[in-house]
Amino acid sequence: MPYFAIYETASGNLISIAESRSIDDFDLRPTLSITEYANRIDLSNKMWDESIADFINRPAKVLSDRVDDLLLSSDYTLFQRVYNSLGPLDKQDLLDEIAKLLGGQRYRNTTEGTRL
Amino acid sequence: MPTFAAYSTSRNETDGSDTSASRGTAITANASSDTKGTYTQLIASTPFDAAWVWVLPQDSDDSTDMLLDISVGAAASEQVVLSNLLITSHGQASIVHGAQYMFPIEIAAGSRVSARVQGSLGSDVLYLSVVLFGRGYASAETLSIVDTWGDDTTNSDGTSIDPGGTANTKGSYVQFVASTTRPIRFLIIAIGNQLNSVRSSCNWLLDVAVGAAASEQIILSNYPVNCSASDDIVLPQTSQLIPVDIPAGSRIAVRSQCSITNATDRIFDVVLYGVG
């Protein structure tokens, strides 16, 4: 089933995504434009780009690893001194234990701080 | 005297409770993801004519989005009365954040009530009980049919709403139904989290509108939704029962605005349930 994106011609601003179009509703409004798509647009992986008045792929989520924070952030210099004093096997074991402890909180948005 | 006392003719009954485990009845999804499992009976025969159904899910075993059907009828002849109730998850732990649904629909005495579920992971388990309320409670009119709009059974979730790339500015409308088949008296809004386990703190305001594309008229404005980076889930998961007056043949669409513009954290899912 075709889908229609209705947007402001001048700005590219998307107004509505519709399953059907009506000549009366749309064509009498000269400030609007319509683009037809063969299938429904899934906004979980597509997003509207006003500059080209079309859908583009939604960028992948970018995350930071809190285990890396411990090794690299200036918030954790004491940890880094202790970590660097360990042998290679102990280093990996320690990081594995920390990852287990963090569980679902291991990853953070890049905009969040390095402290939980 | 309490003002909420039930009338003398009222009754209620909770079905599906498993008192040996302090939870509801286990409803197991199909081993294949996004596929409905088999029905599990909640009650063999309802003892009275019910006028309200309160659906009470508890934590699932895995971090999935789920769509739940409540049905009446004999085994192998079940008829779905509540279709694809969204039970969302933040994708990293087995917690249902208070998703509850209350519908003013009738279920005749003597009915067998059962449930089935699908999950974004196969074999997920939802624990479920329901409360049936008889006639006699101070109530809105009792209705009979619940329509579900925006559910996506291919992913066990809902329809994505994108507030767009400008903060605190309404995004575009997304159509949920082209033409309602009956007058709608109540609406429930369910919010899905898209299994986004690392969310940003932000707030949304959501509009529900009727009318042709580019000519929508808002019938519910600025319904507030929010998310904390600590909880990683968009809340509230379900709305209260919202009185509306939507004629048959109406197109319904939803849009939102958000306090952030992050391309993945500004979006969430919506499913609408219309009672008519």
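This is a predicted model: local features need pLDDT of at least 70, side-chain atom pairs count only at pLDDT 80 or more; totals for chains, interfaces and linings use all residues.
Chain A carries 13 positive and 19 negative side chains. The centres of the two sets lie 7 Å apart.

The secondary structure of chain A comes to four helices and seven strands. Read from the N terminus, the elements run β-β-α-β-β-β-β-α-α-α-β. The radius of gyration of chain A is 25 Å, whereas the globule rule gives 13 Å for 116 residues, so chain A is more spread out than a compact globule. The box tells its own part of the story. Along the principal axes, the C-alpha atoms of chain A fill roughly 75 × 30 × 20 Å.

Burial and contacts come next. Of the 116 residues in chain A, 34% count as buried. Take the contacts in chain A with a separation of 6 or more: residues 24 or more positions apart account for 51% of them.

Now turn to chain B. Its secondary structure comes to zero helices and 20 strands. For 276 residues, a compact globule would have a radius of gyration near 19 Å; chain B has 19 Å, so the value agrees with the rule. The C-alpha atoms of chain B fill a box of roughly 55 × 45 × 40 Å along the principal axes.

Buried residues make up 55% of the 276 in chain B. What share of the contacts between residues at least 6 apart in chain B join residues at least 24 apart? The share is 83%. The accessible surface of chain B comes to about 10300 Å². Of this, 48% belongs to carbon and sulfur atoms. As for charge, chain B has 13 positive and 26 negative side chains. The centres of these two sets lie 6 Å apart.

Cysteines deserve a look. The disulfide count over all chains is zero. B:C202 is in no disulfide, and the nearest cysteine sulfur, that of B:C258, is 4.0 Å away. B:C202 is buried, with a relative accessible area of 4%. B:C258 counts as buried too, at 2% relative accessibility.

The backbone of chain B has some points to inspect. Most residues other than glycine have a negative phi, and most peptide bonds are trans. Start with the peptide bond from B:L235 to B:P236. This bond is cis, with omega near 0 degrees. B:P236 sits in the loop between β17 (234-235) and β18 (242-246) of chain B.

Next comes phi. B:N84 has a phi near 55 degrees, a positive value in a residue other than glycine. Where does B:N84 lie? It is part of strand β7 (residues 79-87) of chain B. B:N84 is buried, with a relative accessible area of 5%.

B:S156 also shows a positive phi, near 55 degrees, and is a residue other than glycine. B:S156 is found in a loop of chain B, between β11 (146-149) and β12 (159-161). Is B:S156 buried or exposed? At 0% relative accessibility, B:S156 counts as buried.

The last stop is B:D49. This residue is in the loop between β4 (40-43) and β5 (50-58) of chain B. At 36% relative accessibility, B:D49 counts as partly exposed. Which residues does B:D49 touch, leaving aside its neighbours within four places in sequence? The contacts of B:D49 are with B:I107, B:A108, B:A109, B:F133, B:G134 and B:R135. One of these partners, B:F133, gives a sense of the reach along the chain. B:D49 and B:F133 are 84 residues apart in sequence, yet their C-alpha atoms are separated by 8.3 Å.

Terms used. Residues are numbered from 1 along each chain as its sequence is written. Chains are lettered from A and ligands numbered from 1 in the order in which they are written. Side-chain values use heavy atoms; hydrogens and water are left out. Helices (H or I, at least four residues) and strands (E, at least two) are DSSP runs, numbered from the N terminus. The radius of gyration is taken over C-alpha atoms; the globule rule is 2.2 Å times the number of residues to the power 0.38. Buried means under 20% relative accessible area, exposed over 50%, partly exposed in between (1.4 Å probe, protein chains only). Contact means heavy atoms within 4.5 Å. Accessible areas come from the Shrake-Rupley method with a 1.4 Å probe; for residues, only the protein chains shown count as cover. Lys and Arg count as positive and Asp and Glu as negative; His and the chain ends are not counted. The place of a charge is taken as NZ of Lys, CZ of Arg, CG of Asp or CD of Glu. A disulfide is a pair of cysteine sulfur atoms within 2.5 Å.
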